[in-house]
Amino acid sequence: MSAPALLRTLFNYQAWAHDELLDRMEAFDPAVHADARHAAIRLVNHCLVVNQIFAAHLVGRKHDFSADNTEHTPTLKDLRKAVTALDRWYLDYLETMTPELLAERVPFVFTDGDKGFMSREEMLAHVATHGGYHRGEVGRLMRQQSLPLPWDTFAVYLHQAEPSRRLQGAETAQAA
């Protein structure tokens, strides 16, 4: 699989995982799980902000963030709307990428003022892996509250997105 194809798959997975996670986050009772719910929303909002920052870096646009999270904590409904829109932006962006553009290194400045220099491919890999890390943190919060967890694994996504994968190699397995 080529890097552009893999990145498209990873960002489709990310959109699916965000949707699964945000669905499951509805189980946080605002009264019973107030602290864990707030922490989970803050974690997903942090990912949203970082993804917005890197989207700006990818297109050479200035962003208005001075930190990697916002002062205000959004509602779960507003967070879902923003995450879904940005996931769509990344998928659309990837459709415009060529291997040459992905390899191009882009200078930028982190919110703490440090300089950065990464290829677009590296930035996209960062966005995908960073999100997985923090979805795992939210999963830990959910487990601590005995709430149902999302099935946030790449293998589960691939087999749900392409059920025919389960049939691959079936002839070989039956013959053995």
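User: Which residues does L124 touch, not counting residues up to four places away in sequence?
Analyst: L124 touches L7, F11, L58, Y90, Y93, L94 and L102, where contact means heavy atoms within 4.5 Å. This is a predicted model, in which local features need pLDDT of at least 70, side-chain atom pairs count only at pLDDT 80 or more, and totals for chains, interfaces and linings use all residues. Residues are numbered from 1 along each chain as its sequence is written, and side-chain values use heavy atoms, with hydrogens and water left out.

User: Which residues have the most contacts inside the largest nonpolar core?
Analyst: They are F11, M25, Y90 and L124, in a core of 37 residues. A nonpolar core is a set of buried Ala, Val, Leu, Ile, Met, Phe, Trp, Tyr and Cys residues joined through side-chain atoms within 4.5 Å; buried means under 20% relative accessible area, exposed over 50%, and partly exposed in between, with a 1.4 Å probe and protein chains only.

User: And where does the largest share of this core come from?
Analyst: Helix 2 gives the largest share, ten residues. Helices (H or I, at least four residues) and strands (E, at least two) are DSSP runs, numbered from the N terminus.

User: Is helix 2 largely enclosed or open, and why?
Analyst: Helix 2 is largely enclosed by the rest of the structure, because 19 of its 26 residues are buried. The helix covers residues 34–59 and reaches 38 Å from its first C-alpha to its last, close to the 38 Å expected at 1.5 Å a residue; that expected span is 1.5 Å times one less than the number of residues.

User: What about N51: buried or exposed?
Analyst: N51 counts as buried, at 4% relative accessibility. This residue of helix 2 is in contact with Q14, H18, L86, Y90 and V127, leaving aside neighbours within four places in sequence.

User: Changing topic, which residues line the largest pocket?
Analyst: The lining consists of A56, H57, G60, R61, K62, H63, D64, F65, V106, P107, F108 and V109. Strand 1 provides the largest share, four residues. On a 1 Å grid over the protein atoms alone, a pocket is an open set of points with protein on both sides within 12 Å along at least five of seven lines, and lining residues have an atom within 4 Å of a point.

Technical notes
On a 1 Å grid over the protein atoms alone, a cavity is a set of points where a 1.4 Å probe fits but cannot get out, and a pocket is an open set with protein on both sides within 12 Å along at least five of seven lines; lining residues have an atom within 4 Å of a point.
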